[in-house]
Amino acid sequence: MLPTAHNAAKEGEIAKTVLMAGDPLRAKFIAENYLQDIHCYNSVRGMLGYTGLYKGKRISVQGHGMGMPSLGIYTYELYNFYNVENIIRVGSAGAIKEDVKLMDIVFAMGASTDSNYANQYQLKGTFSPTATYHLLEKAVAVAKEKNHKYHVGNVLTSDIFYGDSVSPLDWSKMGVLAVEMEAAALYMNAARANKNALCILTISDEVHSGRQLSSHDRQVSFTTMMEIALELAIEL
Ligand SMILES: O=P(O)(O)O[C@H]1O[C@H](CO)[C@@H](O)[C@H]1O
Ligand SMILES: O=c1cc[nH]c(=O)[nH]1
């Protein structure tokens with residue numbers, strides 16, 4: 001079974017806990033700036049993956065691409081073929097609730113979705129994708145200790161970035177905080193594999209106001225989220 005069609009890692013090359021980002025260059029940035037003794041285990045399709053040490057703990061970091069189908073492939077393989085236990089997504093998101101602002105951190109406690117990803121499970125109802133509580137609890141504790149501004153709640157995982165006649169803002173009437181494109185699939189793959197997952201997001205743009213982060217603020221606020229995820233990873 002290993003390596004797979006999408007991941008060149010051999011058995012044992014990936015740690016039990018993996019940080020993941022849509023952009024593989026964000027994964028490379030984390031590896032090069034925070035990990036020691038890094039080893040690049042994957043570059044198939046440019047979806048870079050590295051294993052290294054953070055404060056002495058072995059962790060991996062890998063890209064997952066954009067959208068649920070892409071994240072679905074990489075996380076399915078990590079959970080089911082590479083014996084990964086914990087996946088922490090570090091992503092960007094658009095704020096849809098007005099009190100959620102640029103650079104804020106959002107912990108996705110739940111992930112509502114406009115996709116049909118859950119149809120594969122043939123359930124007679126609607127599955128609610130949720131974060132693994134002990135990951136959420138520990139990550140929030142790290143953010144609190146570091147005095148970062150954060151929100152915990154529901155996000156929208158959407159199949160649509162450039163919408164024609166639909167707006168993610170409609171979801172704010174249900175208290176949904178922000179929109180991104182992968183958390184629901186991550187939580188469903190984790191649930192089905194009986195593994196752990198958390199999605200941590202940084203607000204890169206406000207859908208409600210049209211404001212966007214400058215490239216400088218993007219870099220600073222993304223590192224805050226990365227440091228929370230790394231501190232969480234060493235506790236797992
Ligand atoms: O910054 P990442 O992790 O890619 O996350 C968000 O950014 C992409 C869209 O620009 C989507 O993947 C969305 O989920
Ligand atoms: O999916 C995303 C990510 C960032 N900003 C958005 O508006 N949508």
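Predicted model: local features only at pLDDT ≥ 70, side-chain atom pairs only at ≥ 80, totals over all residues.
Residues are numbered from 1 along each chain as written, and chains are lettered from A and ligands numbered from 1 in written order. Local features need pLDDT of at least 70, side-chain atom pairs count only at pLDDT 80 or more, and totals for chains, interfaces and linings use all residues; side-chain values use heavy atoms, with hydrogens and water left out.

View 1. A residue belongs here if one of its heavy atoms lies within 4 Å of the ligand. Nonpolar means Ala, Val, Leu, Ile, Met, Phe, Trp, Tyr, Cys or Pro; charged means Asp, Glu, Lys or Arg; the others, Gly among them, are polar. Strands (E, at least two residues) and helices (H or I, at least four) are DSSP runs numbered from the N terminus.

View 2. A polar contact here is a pair of N or O atoms within 3.5 Å. The side chain of E182 places an N or O atom 2.5 Å from a ligand 1 oxygen. For the side chain of R26, the distance to a ligand oxygen is 2.7 Å. G22 takes part through a polar backbone atom, 3.0 Å from an oxygen of ligand 1. The protein covers 85% of the 340 Å² of accessible area that ligand 1 has on its own (Shrake-Rupley method, 1.4 Å probe).

**View 3. The site of ligand 2.** Among the surrounding residues are S92, A93, G94, V179, S204 and V207. The shell counts five nonpolar, three polar and two charged residues. β5 gives the most, with three. A nitrogen of ligand 2 lies 2.8 Å from a side-chain N or O atom of D205. A backbone N or O atom of G94 is 3.2 Å from a ligand 2 nitrogen. Protein covers 83% of the 240 Å² of accessible area that ligand 2 has on its own.

View 4. The side chains of E32 and K28 meet at 3.5 Å, N to O. Both residues lie in α1 (residues 24-34), four residues apart, about one turn of the helix. A salt bridge is a side-chain nitrogen of Lys or Arg within 4 Å of a carboxyl oxygen of Asp or Glu. The whole structure has eight.

Definitions and conventions. Polar contact = N/O pair within 3.5 Å; in protein donor to acceptor, adjacent residues only side chain to side chain.
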